[in-house]
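Dear colleague,

I am handing over the structure below for your study. Please keep it open while you read the description that follows it.

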Amino acid sequence: MNAFKAYKACVPIAYSPNLYITLVRGIPGTRKQHRRTLEALRLGKCNRTVMRWNTPTVRGMIQQVKRLVVVETEEMYKGRKQKEENHRALRPPLVINHQPAPAEGTL
């Protein structure tokens, strides 16, 4: 599953004072108006996330470029970041003993 579908899989947006907007599609090949909207949202590169207030102006900008971005609430964003942190956390080393097992009759 690519990043775009992974983000879209968890998108039920409840009201939140802050919206986290992530650019998940590339800018090349898009309309000039869309590029200018992304520039106004301060989204310059793919997989970059910005936090914006949930205002009608920002929601209108998101509506204009909705096929290029993914919108998350604060809870969704923090949950995703926590999941990524847990995935990257250090795990105990795997210990493998290469010594042959001692025979049962000899000691």
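**The sheet and what packs around it**

Strands β1 and β3 pair in the antiparallel sense over 5 bridges; two strands count as paired if DSSP finds at least two bridges between them. Helices (H or I, at least four residues) and strands (E, at least two) are DSSP runs, numbered from the N terminus. This is a predicted model, in which local features need pLDDT of at least 70 and side-chain atom pairs count only at pLDDT 80 or more, while totals for chains, interfaces and linings use all residues. Residues are numbered from 1 along each chain as its sequence is written, and side-chain values use heavy atoms, with hydrogens and water left out.

The chain has 4 helices and 3 strands, and from the N terminus on its elements run α-β-α-β-α-β-α. Of its 107 residues, 28% count as buried. Buried means under 20% relative accessible area, exposed over 50%, and partly exposed in between (1.4 Å probe, protein chains only).

The 3 strands form an open sheet in the order β2-β1-β3, with antiparallel pairing. Each of β2 and β3 stands at an edge with a single partner strand, so one side of each is left without a neighbour in the sheet. Neighbouring strands of this sheet are turned by 30 degrees against each other on average, direction ignored. Axes here are lines fitted to C-alpha atoms, for helices over the stretch in contact, and angles run from 0 to 180 degrees between N-to-C directions.

Within the pairing of β1 and β3, the bridge partner of leucine 23 is valine 69 in β3, and that of tyrosine 20 is glutamate 72 in β3. Helix α4 (residues 74-88) packs on the sheet and touches β1, β2 and β3; its direction makes about 100 degrees with that of β3. Contact means heavy atoms within 4.5 Å.

Strand β3 is mostly covered, as 5 of its 5 residues are buried. Val69, Val71 and Thr73 point one way from β3, whereas Val70 and Glu72 point the other way. In a regular strand the side chains alternate between the two faces of the sheet.

The buried residues of α2 (residues 32-40) are His34, Thr37 and Leu38. Seen down the axis of α2, these residues fall within an arc of 100 degrees, so they line one face of the helix; the arc is that of the directions from the helix axis to the C-beta atoms. They pack against β1, α3 and β3, while the face of α2 turned away from the buried side carries the exposed residues Lys32, Arg36 and Glu39. Threonine 37 has a relative accessible area of 7% and touches Met61, Gln64 and Val65, not counting residues up to four places away in sequence.

In α3 (residues 56-64), the buried residues are Val58, Met61 and Ile62. Seen down the axis of α3, they too lie within an arc of 100 degrees, so they line one face of the helix. Their cover includes β1 (18-23), α2, β2 (49-53) and β3 (69-73), and on the other side of α3, Pro56 and Thr57 are exposed.

Finally, which residues of the largest nonpolar core touch the most other members? Of its 14 residues, these are Ile21, Leu38, Leu41, Leu43, Ile62 and Val69. The elements that give two or more residues to this core are β1, α3 and β3. A nonpolar core is a set of buried Ala, Val, Leu, Ile, Met, Phe, Trp, Tyr and Cys residues joined through side-chain atoms within 4.5 Å.

Yours sincerely
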